[in-house]
Amino acid sequence: MFFHKQELQFSASPAKPDAVYARRMQEVLGGQYGEITVAMQYGFQSWNCHIPGKYRDLLYGIAAEEFGHVEMLAIMIAQLLEKAPVEQSEQAAASDPVLGAVIGGMDVQSAIVAGAGVRPVDSNGNPWQGSYITASGNLLADFTANANAEMQGRLQVARIYNMTDDPGVRELLSFLLARDTMHQNQWIRAAQELRDEGVEDLPVPSNFPLGREQRDVAYEYINFSDGAAAAEGSWASGPTPDGKGEFTYLDGPETSVPMPPPTQPDPRLYGTDAKPNIVDKAAGVVKDKLSDK
């Protein structure tokens, strides 16, 4: 059950309208690593969680917080658009050739479609997609994905922080940067706690029998590049993070097998193959007649 409280977690008021910057802020709202994504990702992970207790409660709580961040950004973007005349975005694009070429002013659909409002899109106007979400049901895999999402999101917020001098916008972004800092540390610690408690472990999924994989290649770093410096990394020698093996380094693959012959799909799919067209056509007629029986 969801309830909405008509308060914000933190201030979200710009000093002045800025339709061009509003478009940039759409990325950290509706982009792949924006607040809509993490809110929905943590939500679906909580609904897919199979064990009661602290891990599910963690997901529920942070999902709810992230929905609040969606609201703060949406309100900020709407205020940036509220009193911004069309001429403002045109002048901004005209004064900066790079901005004019790359940004092209405000997102015109924010005016035409949303009436100077916010939309669930990224900075290019691409609709937010459910395919951005990771919710596998495996908590170690999901918490690791969550840490990555917070890192990518914080990176983007830090970048747009430096694209404005509006004190009200920077105040909100400063708050979101701090919460992203917390959430990165939180998910990394939660992932480690799963391992420490034996709930889940590396390699994910840890319950899959290791005897069913080809263990002789499980910890080989195979260099498929003409660069040699990767051999210097800790991933090329020494103990593995899962504690079950030792890394080794191979300067290129040591195995190969012949390429199988080209596939021969049903001739009624009309792909081009080595057989004469008349042969494929006759085969298709025969298959049609047989399928009718």
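Biologist: How many aromatic pairs does a search of the whole structure find?
Modeller: 8 aromatic pairs. Rings of Phe, Tyr and Trp (its six-membered ring) pair if their centres lie within 6.5 Å; planes under 30 degrees apart are stacked, over 60 edge-to-face, the rest tilted. One of them is Phe-44 with Trp-47, edge-to-face at 4.9 Å centre to centre and 75° between the planes. This is a predicted model: local features need pLDDT of at least 70, side-chain atom pairs pLDDT 80 or more, while totals for chains, interfaces and linings use all residues. Residues count from 1 along each chain as its sequence is written, and side-chain values use heavy atoms, without hydrogens or water.

Biologist: Where do Phe-44 and Trp-47 sit?
Modeller: In helix 2 (residues 35-47), 3 residues apart, so about one helical turn separates them. Helices here are DSSP runs (H or I, at least four residues), numbered from the N terminus.

Biologist: What about Phe-143 and Trp-187?
Modeller: Tilted, because their planes are at 45°, with ring centres 5.0 Å apart. Phe-143 is in helix 7 (residues 139-161) and Trp-187 in helix 8 (residues 167-196), so the pair ties together parts 44 residues apart in sequence. Both are buried.

Biologist: Which cluster do ring pairs link?
Modeller: Tyr-42, Tyr-55, Phe-143 and Trp-187.

Biologist: New topic. Where does Gln-186 lie?
Modeller: In helix 8. Gln-186 is buried, at 10% relative accessible area. Beyond its neighbours within four places in sequence, Gln-186 is in contact (heavy atoms within 4.5 Å) with Leu-58 and Ile-62.

Notes. Helices (H or I, at least four residues) and strands (E, at least two) are DSSP runs, numbered from the N terminus. Buried means under 20% relative accessible area, exposed over 50%, partly exposed in between (1.4 Å probe, protein chains only).
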